[in-house]
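Let me put the structure up and then talk you through it.

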Amino acid sequence: MQFDDDADLDTSQVQDERGSRIPGGGLTVGGGVVGLLALLAGLFFGIGPQELGLSSGEPGGTPSASTDAQVARDCRKGRDANTREDCRIVGVVNSAQSFWSQEFARRSTAYSQAQTKLFTGRTNTACGAATSAVGPFYCPGDHKVYLDLDFFKELTSKFGARGGPFAEAYVVAHEYGHHIQNLTGTLARSQDRRTGAGSDAVKVELQADCYAGVWAHHAATTPERSTGKPLLKPLTQTDIEDGLSAAAAVGDDRIQEKFQGRVTPESWTHGSAAQRQQWFTTGYRTGNVAACDTFR
């Protein structure tokens, strides 16, 4: 995945609190979507954070008020996104929001932006306090995506994904899929607290995968308003395969088999590896939001 070297990055869409120590607070469980089910929201992986062996949630470092300024200074152009992970996240967020803004405008609907917050270990949200153990998540209460970049190391080392820049982009685009669901009212369908292969919780997650695929379809042709040119260059087959590998790695069946030694479809919250790949592929091949009706 490559960005146009000369493209401008908009760092105002990403808040960076890495290295800041967040005092106190209980833990919010819930990756993917947090807050709709209070403390019972479905985990990004479908099992408890202690079983995942991820971060305990105790961040290192000391409070820093300058991280936003550092990102604004260092993440200026597409060439920065091609060489730095945090700048790459800025570029993906910019690209995703450019696409959805234009898609909403095409439908004569206003799009409201969602910030992404980069954090280390623990963070406070409108949905409660949370740690990196829950994985990347979207909080509908404050319209923000939360991400500890260490998750991407875990995605490859613990969950067996191939990794790569587009694997990271898939994860971010999935969370922005939840933002779209929040704006359109679909996200509320996961509020019934039911789990299982046919549950609305799973359908919501699969639709977010499909929306990520729709963005990927249009990413290299969506012009930025400031330049009139796309941020991203055309995706390669390797990029798509990296995204599909990440989608499969966070399938409920893969995670359960790895950490429980058995698959229990009745407790699924996000869908199987095959389903997640299928719905991302549906979005990517069609580029059509209407094709993402996982509830039919």
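Predicted model: local features only at pLDDT ≥ 70, side-chain atom pairs only at ≥ 80, totals over all residues.

Residues are numbered from 1 along each chain as its sequence is written, and side-chain values use heavy atoms, with hydrogens and water left out.

Take Glu17 and Lys117, whose side chains pair up at 3.5 Å, N to O. Glu17 sits in the loop between strand E1 (14-16) and strand E2 (32-33) and Lys117 is in strand E3, so the pair ties together parts 100 residues apart in sequence. Helices (H or I, at least four residues) and strands (E, at least two) are DSSP runs here, numbered from the N terminus. Both Glu17 and Lys117 are buried; that's under 20% relative accessible area, with exposed being over 50% and partly exposed in between, using a 1.4 Å probe and protein chains only.

Next, Arg107 and Glu103 meet at 2.8 Å, N to O. Arg107 is partly exposed at 43%, whereas Glu103 counts as buried at 9%. There's also a network: salt bridges with shared partners join Asp16, Arg18, Arg73, Asp74, Arg84 and Asp86. Within it, the closest N and O atoms of Arg73 and Asp74 are 2.9 Å apart, and Arg73 is exposed at 55%.

Now the backbone. Most residues other than glycine have a negative phi. So which residues have a positive phi although they are not glycine? One is Ser108, at about 60°, in the loop between helix H4 (85-106) and strand E3 (115-118). Ser108 is exposed, at 72% relative accessible area. Another is His143, at about 55°, in the loop between strand E6 (137-139) and strand E7 (144-147). His143 is partly exposed, at 25%.

Last, the second largest pocket. A pocket is an open set of points on a 1 Å grid over the protein atoms alone, where a 1.4 Å probe fits, with protein on both sides within 12 Å along at least five of seven lines; lining residues have an atom within 4 Å of a point. This one is lined by 13 residues, with Asp10, Gln13, Ser98, Glu224 and Arg225 nearest its centre.

Definitions and conventions
Salt bridge = Lys/Arg side-chain N within 4 Å of Asp/Glu carboxyl O.
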